[in-house]
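Here's a quick walk through a few spots in this model. Have the structure open and follow along.

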Amino acid sequence: MPDLLIELFSEEIPARMQAKAAADLQRLVTDGLVEAGLTYASAGAFSTPRRLALSVEGLTPESPNTREERKGPKVGAPDKAVEGFCRGAGVTVDQLEKRDIGKGEAYFAVIEKMGRPAADIIAEVLESAIRNFPWPKSMRWGTGALKWVRPLHSIVCILTDEAGAQVVPMSVDGIDAGDATRGHRFMGPDVFSVTSFEDYEVKLKRAKVILRADERADMIWSEASNQAFAAGLELVEDKGLLAEVAGLVEWPVVLMGTIADDFLSLPPEVLTASMKEHQKFFSVRDKSGQVVRFVTVANRETADQGATILAGNQKVLFARLSDAKFFWENDLRVAKAGGQAWLDALSNVTFHNKLGTVSELVDRMAALSAEIAPMVGADAAEAEAAARFAKADLSSEMIYEFPDLQGLMGRYYAKEAGLSDTVAAAAQEHYSPLGPSDDVPTAPVSVAVALAEKVDKLTGFWAIDEKPTGSKDPFALRRAALGVIRLVRENTLTIKLGTLIKDADLLSFFHDRLKVFLKDEGISHDVIDASLAMPGNDDLLLLVNRAKALAAFLKTDDGENLIQGFKRANNILTQAEEKDGVEYSFGADLKFAETDEEKALFAALDAADAKIAPAMAAEDFAGAMSAMADLRMPIDAFFDAVQINADSEVLRRNRLNLLHRIRTICLSVADLRKIEG
């Protein structure tokens with residue numbers, strides 16, 4: 001079976017587009033081949049700044065012959081109906097067959113298609129893929145009509161089998177497919193031919209091109225780490241920057257440079273942000289955490305070992321860091337004056353046209369932080385002060401230049417303003433957690449302000465009916481709700497959301513987010529529903545603890561069997577109450593118990609009730625579940641030995657009342673009616 005190699009060689013593809021483009025090429029081509037009747041063993045896509053490549057192994061040499069029968073209109077149907085059927089089937093009226101279908105005759109079309117060589121199919125599929133490629137942005141060049149992300153120069157398209165390699169004949173907008181490509185723009189030979197994917201990859205490497213993006217990234221990280229280690233320093237990890245830089249070079253050459261002493265007084269985060277944002281440099285820090293050097297990645301080897309490149313980069317970096325230093329020094333003057341100028345400026349910044357300015361947001365956060373503070377063990381006055389300064393850095397020059405540093409710079413500026421470490425920490429931490437891997441604040445004041453910020457956002461956008469819909473969530477409200485859940489849970493906070501949130505729909509939104517959160521921990525939706533149906537469902541910590549205890553209980557044999565016993569009791573009782581039109585909740589009397597199993601169940605229910613009630617009052621859900629588990633055997637034995645619908649109406653009513661007691665005790669722990677299965 002032949003193997004297919006495709007390369008689309010162009011001017012530089014933006015790094016951010018390369019990975020998706022490679023995946024799109026693989027999808028478009030392999031889907032098209034399969035749809036045309038070809039199969040393959042495996043496929044892999046690759047990208048460099050100047051090329052997309054696809055290798056398809058074990059391709060069938062031709063598509064199979066096919067025969068399809070289609071039933072059409074009945075004989076005697078209007079001519080237009082018959083003609084339409086023929087057009088759809090690709091046959092003429094003369095080619096139709098008449099067949100008896102039991103209730104008269106109908107037309108049938110027999111469509112036979114001969115198999116086609118793989119090369120013919122590949123040519124059609126690849127041309128379609130190129131002409132319809134889903135680039136985020138594309139361009140035309142010269143006089144052609146073809147659109148590509150950057151001018152497309154050449155196409156490699158070859159099939160390789162035991163007999164050798166053959167070019168797939170095809171042309172796209174005047175670009176003929178061939179077996180020739182180019183290596184590195186500066187260091188590689190001009191043009192060379194390839195005969196297979198293996199030959200292609202080997203020859204590219206000789207021509208100073210590393211085809212695989214992950215290999216380029218590994219080379220960059222390894223060499224940069226080694227150079228930093230040799231200098232007694234540490235490379236600052238940045239996976240996003242590493243992936244981007246790997247998409248900027250075909251032959252990575254790692255160079256480490258120094259940072260002028262003039263800039264070492266800048267916060268390390270400012271140095272890192274400036275170098276990453278403007279120059280795509282990695283930061284290198286000393287043991288104290290201060291950034292003292294940088295790593296840049298060139299795309300070529302030079303006779304002077306990169307000295308000229310490094311000197312040019314250091315010159316540009318000096319200018320960039322001079323700007324950052326200017327912003328920092330200006331901001332320090334405002335901070336040392338207390339930062340009031342920044343706070344005043346927030347009244348000119350719109351938070352949302354229906355929710356007012358950022359200054360008004362700060363006022364709401366301050367009031368809410370003071371209200372939440374006692375719930376989380378924080379000082380109300382300090383929480384209010386922290387909230388009032390939390391957004392101050394949004395007016396600073398540094399955040400205007402580097403928005404990703406918001407909060408972090410607030411911490412620096414709070415210290416320069418003479419505010420406490422607690423207030424400074426809250427300025428940075430109140431945005432957290434920003435995602436599932438982000439740390440959750442633990443300092444009480446930070447927790448209070450973080451909760452206030454998220455609760456205000458949720459209640460505000462709910463009030464103006466700006467709720468998430470489907471996959472759209474422009475204001476990150478789902479993230480805010482999950483942030484509240486993590487803050488409450490990871491700090492073991494008992495907070496009644498009902499005291500902060502009056503909107504029932506918003507509380508339901510929290511419950512939905514909690515389901516997503518707990519589902520990721522293996523807790524099924526019905527267990528969560530059984531917990532949500534209980535009183536106190538605005539206490540997220542109580543909800544989580546109840547759901548976790550119930551989930552663990554249901555995984556035991558006692559739990560599984562008790563659920564079946566409960567459901568049996570509940571079903572019998574529900575049917576009897578519907579039939580009789582009464583509620584059997586008047587208390588079963590032991591004196592009417594006839595069998596030992598019936599008497600044993602009375603005793604077991606008394607014992608369970610004595611344990612479950614105090615356990616639930618203490619929110620000891622595990623203890624309550626354990627006590628409920630003791631009911632499993634007495635309930636099973638009762639149903640095996642006792643007939644509920646006895647001939648005696650007195651016995652029947654008493655036993656139904658006993659079932660009501662089973663239901664009441666079990667439902668005091670969780671609404672087991674919600675449990676599936």
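Start at H430: a polar atom of its side chain sits 3.0 Å from the backbone oxygen of A427, a polar contact being a pair of N or O atoms within 3.5 Å, where one must be able to donate a hydrogen and the other to accept it, and residues adjacent in sequence count only if both atoms are side-chain atoms. This is a predicted model, where local features need pLDDT of at least 70 and side-chain atom pairs count only at pLDDT 80 or more, while totals for chains, interfaces and linings use all residues. Residues are numbered from 1 along each chain as its sequence is written, and side-chain values use heavy atoms, with hydrogens and water left out.

H430 lies in the loop between α14 (421–429) and α15 (444–463); helices are DSSP runs of H or I with at least four residues, strands are E runs of at least two, numbered from the N terminus. H430 has a relative accessible area of 0%, so it counts as buried (under 20%, 1.4 Å probe, protein chains only). Leaving out residues up to four places away in sequence, H430 touches M365, A390, K391, V449, A450, E453 and K454, with contact meaning heavy atoms within 4.5 Å.

| Strand | Sense of pairing with β10 | Bridges |
|---|---|---|
| β7 (residues 152–161) | parallel | 2 bridges |
| β9 (residues 171–172) | antiparallel | 2 bridges |

V156 stands opposite G178 in β10, and V172 stands opposite I175 in β10. The hairpin of β9 and β10 has 2 residues between the strands, and D173 there takes a positive phi near 50 degrees.

Key:
Buried means under 20% relative accessible area, exposed over 50%, partly exposed in between (1.4 Å probe, protein chains only). Two strands pair if DSSP finds at least two bridges between them.
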